[in-house]
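Me: Could you walk me through this protein structure, step by step? I am new to this.

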Amino acid sequence: MGDDQLRDRITDQFSYRGSRADIWRVFDRLLDTDAFLNLGYSRWYQPHVGAASQRRLVTLLGERLAAYCSTTQDARLLDVGCGRGGPTVHLAEQFGFRATGVDLVPYNVARARENARKRGVDATFVVGDATSLPFASASLPACVGVDAFVYLPDRGAVFAEIADVLQPDGVLVFSDLLARAGVDDADSRAVS
């Protein structure tokens with residue numbers, strides 16, 4: 001599958017078009033997919049409705065960022081693959097970041113803008129490609145990617161682009177949905 005075909009498939013899926021959109025229609029019934037497209041990382045006994053696990057995940061990412069940043073208040077933050085803006089809005093609201101979300105899917109960006117407006121959060125959202133970010137080199141202190149990189153065909157190019165826009169002492173914190181087979185218990189505990 002070529003890059004253009006993959007972009008079209010992703011856009012269709014997250015815009016509720018095409019056969020793969022059914023996946024998100026099912027998630028809509030269980031999760032707060034109006035704002036959060038990530039699935040969260042709850043244990044089986046923790047709630048999965050109302051975006052509780054998603055907010056916990058984003059709070060954990062925010063805490064990791066805060067540990068590395070000299071300040072989060074008004075610090076610029078890029079959310080690559082921002083989806084419908086839940087993580088971006090949450091990080092701006094809870095940690096004080098001046099946040100910008102970038103997503104390939106125009107439908108997601110429109111929903112993200114609306115979610116920020118509803119919450120009264122000043123966050124910016126733009127349609128863009130993660131391999132060609134609309135930021136100057138070495139201009140951002142922090143970046144997150146919340147369960148987004150799994151959808152990107154050329155993750156090497158994405159990481160190179162993020163490295164380019166991050167300041168020399170900048171930090172990237174991300175989560176993803178992938179696990180390899182045969183992970184031992186110690187490694188499994190380290191990522192949960």
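Reply: Happy to! This is a predicted model, in which local features need pLDDT of at least 70, side-chain atom pairs count only at pLDDT 80 or more, and totals for chains, interfaces and linings use all residues. Residues are numbered from 1 along each chain as its sequence is written, and side-chain values use heavy atoms, leaving out hydrogens and water.

Me: How many residues does the largest nonpolar core have?

Reply: A nonpolar core is a set of buried Ala, Val, Leu, Ile, Met, Phe, Trp, Tyr and Cys residues joined through side-chain atoms within 4.5 Å. Buried means under 20% relative accessible area, exposed over 50%, partly exposed in between (1.4 Å probe, protein chains only). Leu 65, Phe 97 and Val 171 are among those with the most contacts inside the largest core, and its residues number 25.

Me: Is Ser 175 buried or exposed?

Reply: Ser 175 lies in strand 5 (strands are DSSP runs of E, at least two residues; helices are H or I, at least four; both are numbered from the N terminus). Its relative accessibility is 8%, so Ser 175 counts as buried.

Me: Where do the buried residues of helix 6 lie, seen down its axis?

Reply: Helix 6 covers residues 155-165, and Val 158, Glu 161, Ile 162 and Val 165 are buried there. The arc is taken from the directions from the helix axis to the C-beta atoms. These buried residues fall within an arc of 100°, so they line one face of the helix.
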